[in-house]
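Welcome! Here are a few exercises to work through with the structure beside you, each with a solution in steps.

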Amino acid sequence: MAAMTRRRAELRCLAFALATSAALAQAQQNGAAASGGMTLVPRLGVTQTWTDNLRLNDQNKDAALITTVSPGINLVSNSGSLRGTLDYSLNGIAYLKSDQPARLQNALSANLQAELVSRVFFVNVLASIGQQSTSAFGVQSAPTLDSQSSTASLLNENQRETGTLTVSPLLRGMLGGLATYELRGDFTRTEVRGSNLGDSRGRGGSIFVNQANAGVLSWWLQANSQRVNSALTESNRSETLRIGLNYRPDPDWSLRANTGYERSNYLGGGNANGVTSGINAEWTPTPRTHVNADWQRHNYGNSHALSVEHRMSRSVWRLSDTQSVMLGNTGSSGGVRSNYDQFFLLFASIEPDPVKRDTFVRAYLQSQGLSPDAAIASGFLSAGPSRLRSQVFSVTLQGVRSSLTAQINRSLTSRLGDNQNQGDLASSGRIEQRSYSLTASHQFTPLTGLAVSASRQETTGNVSNQFRSQQLTSLMANCNVRLGPRLVAQLGARNSRFEGVISYTENAVYASLTQQF
């Protein structure tokens, strides 16, 4: 009886999730059917915001009205030679009752793969544009609950628009009947508007040879090379050659061991050569549970990655602990999980196809009034090599009409070598950032929802031998109303309190309309 009751609750939850997203997804699905799997949906959003502290400074408060006009597009392709997603907005921001001039901001998230020669030659493209803090110890803006409540329109001199583009051509083939190979190139470019701190160019390549028709025990070879040129520091480079063995005693277990030789200049003073080795274990006892552990020895410091994910019918639990080297801007490695990431994993049983699931997840989040990219912000602009350790615990619970997401994140950034960094790491050898967030949403009807969020960020470190500490606490609420098949209205409010070198309290209310075409 208990199992039957639980199953009925799961079916009610699934039915409501489908109902709340159907109005959004139907137009995209119809368009995809008519165009062979590709959908392009233009949109136009208008947001009016009132804030009592535009400049985020209690000593120089400036109340203002902010008008934001946001034309944008969403591209989804789930078949053919081009697969993936792209979402772009151009935000025109005008300030009323303030002498601040109007300005433009870009927001982009793209993950595309072009199959130029069937099963042989591919080109992968990753691109993003968003706001990033220049300094971890500067004034911080509150994270956003949804795209319309973005705090990027406030006058925060510590924020810069940062864009990154990565293009990776990939060639696959066979070496006789003995092995398969993958030849990959990686070309990366990062640009920061209004600053050369964080600007970089990267290029590299790798070849991976894997035994064909592998059994319980198999071998592989890998060689890779990477070079990153920064605008403010010397270039960083590394070359690695490794050989490894895979052991797969059953479908649930996989063990890998490797050894090899590497050369890098991450520690400064010329190249450092040495032996590298490592071990990796992966366990997938069920399709809902995945455990992965990895440890690698390097002459510049060991790296590791541990992740545990468990998906239940109405919840997702995730724990990760990673340590790796960053060449340039710091951020979350092993990722701070956004709303999109959590629900993308949660809805795996509803829609196995990842591209189709992308449409479903984005539709569901919009019906709940949640931004796909909403997550606790962390990271800062930097140049030079650094070591980042990131620890994340997150859980998402979904009810019939409600959802709850909690997340705890800790990141510890430290520089490698001496006199190789620019930015915060030039004056502070160790920076710790912690964040906590709790977001709840409730769907009153398939057309009306409410979301609330509470978050806190803390940063500590030594700057020029002086201890520095700051905190940011934020409360946000947003009501989402669907006025038509493609017209959405939102009403919201936020309160932010920052304690640091410059302290502030900011209150804001906003209203927005978004029309899809």
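## Exercise 1: A residue in a helix

Thr359 is buried, its relative accessible area being 15%; buried means under 20% relative accessible area, exposed over 50%, and partly exposed in between (1.4 Å probe, protein chains only). This is a predicted model, where local features need pLDDT of at least 70, side-chain atom pairs count only at pLDDT 80 or more, and totals for chains, interfaces and linings use all residues. Residues are numbered from 1 along each chain as its sequence is written, and side-chain values use heavy atoms, with hydrogens and water left out.

Task: find which helix Thr359 lies in, and how far apart the C-alpha atoms of Thr359 and Phe344 are.

Solution. 
- Step 1: Thr359 belongs to helix H3, residues 354-368. Helices (H or I, at least four residues) and strands (E, at least two) are DSSP runs, numbered from the N terminus.
- Step 2: Phe344 is 15 residues away along the chain, and 10.0 Å separates the two C-alpha atoms.

## Exercise 2: A patch on the surface

Task: find which strand gives the most to the nonpolar patch, and classify Phe393 as buried, partly exposed or exposed.

Solution. 
- Step 1: The nonpolar patch on the surface includes Leu306, Trp317, Phe393 and Tyr436, and its residues together have about 890 Å² of accessible area. Patches take residues with over 30% relative accessible area and no salt bridge; like charges are joined within 9 Å, nonpolar side chains (Val, Leu, Ile, Met, Phe, Trp, Tyr) within 5 Å. A salt bridge is a side-chain nitrogen of Lys or Arg within 4 Å of a carboxyl oxygen of Asp or Glu.
- Step 2: E14 gives the most, with three residues.
- Step 3: Phe393 lies in strand E17. Phe393 counts as partly exposed because its relative accessibility is 34%.

Definitions and conventions
Areas by Shrake-Rupley, 256 points an atom, 1.4 Å probe, with all protein chains shown as cover.
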